[in-house]
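Two stops follow, each with something to select.

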Amino acid sequence: MIGAIRAEILKVFTTRLWWGLLIALIVIDAGLSSLFGFLVGNDFGGGGDAGENPFLHHTVGTAQVVYAAGFIYFLSPLIPLALGVLLITSEFRHKTISATFLSTPRRWQVVIAKLVAVGVVGAIYGVIHDLAASAGGGGVMAARGFDTYLTDPEVVKTFGLSLLAFICWMLIGYGFGVVIRNQIAATIVAIAFGFIIQIALNIVFSVLGWDAAGKFLPSNLTLGMLVTSDPTMGQAAESPYFNWWQSALILTGYGLLLSLIGSFITSRRDVA
């Protein structure tokens, strides 16, 4: 089993895919967090009225928003989502899945090894996200004379839960890949789900007043995990998210359910 896990992790890091997406992740997270860092303390012409502005009062919640900027714009999750899809669909595309199953006849071991490898890679990407966001957003806030809150327990929690978020989004992508199998189709469907469909559903649920339904969207679950303090100091309406631990449990459930369903289907299919 250890050998199978080591082999699956090695597959990831012997291709150019992992560092190409890693560079994109660093640019997105550092760039958006830096942009949010420049917004801290800005009332946007509101005459000092905080309202629901998360940047006017510089609080722990504001720092969490800065460090989670990539998730707020639905861009950071796309990297682990796409990577999860590509890692498994490339095996179907290049027929390496056949050699994998032949070298490890017990398919359940292959399934477990792949899931563990996905989790390890997702955690590594989560660490890089934390470093990029803290360097970008934290650097800008420090340069502007604002507290970075990098050692605050709630911000530390945000960074820790970011690792779980990346693992879950990679598992979701992996699930799309093993269910659909065709690399192009799976990538398009996954990216559409992670970006366009979720934005559209957020708008529809908001218009219809279905606030409870909106809480179950993976993007909102992720934000519920990462932004645990109110950045508006009580000025905002009721939180649109579940508590952080509820959000974490449901998002983890999504990732495990989709990846396990796909893995079960793969373990039953014949391979060429």
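**Stop one: a pocket**

The second largest pocket has a volume of about 320 Å³. This is a predicted model: local features need pLDDT of at least 70, side-chain atom pairs count only at pLDDT 80 or more, and totals for chains, interfaces and linings use all residues. Residues are numbered from 1 along each chain as its sequence is written, and side-chain values use heavy atoms, with hydrogens and water left out.

A pocket here is an open set of points on a 1 Å grid where a 1.4 Å probe fits, with protein on both sides within 12 Å along at least five of seven lines; lining residues have an atom within 4 Å of a point. Volume is the space filled by probe spheres set on the points, which are joined across faces, edges and corners.

Select K11, V12, L87, S90 and E91: of the 18 lining residues, these lie nearest the pocket's centre. Now colour α1 (2-13), α5 (78-93) and α7 (107-143), the elements that each give two or more residues to this lining. α5 gives the most, with 5 residues. Helices are DSSP runs (H or I, at least four residues), numbered from the N terminus.

**Stop two: a salt bridge**

Next, select K157 and E154. They form a salt bridge, with the closest N and O atoms 3.5 Å apart. The term means a side-chain nitrogen of Lys or Arg within 4 Å of a carboxyl oxygen of Asp or Glu. A search of the whole structure finds 1 salt bridge. Show helix α8 (residues 153-180): K157 and E154 are 3 residues apart in it, so about one helical turn separates them.
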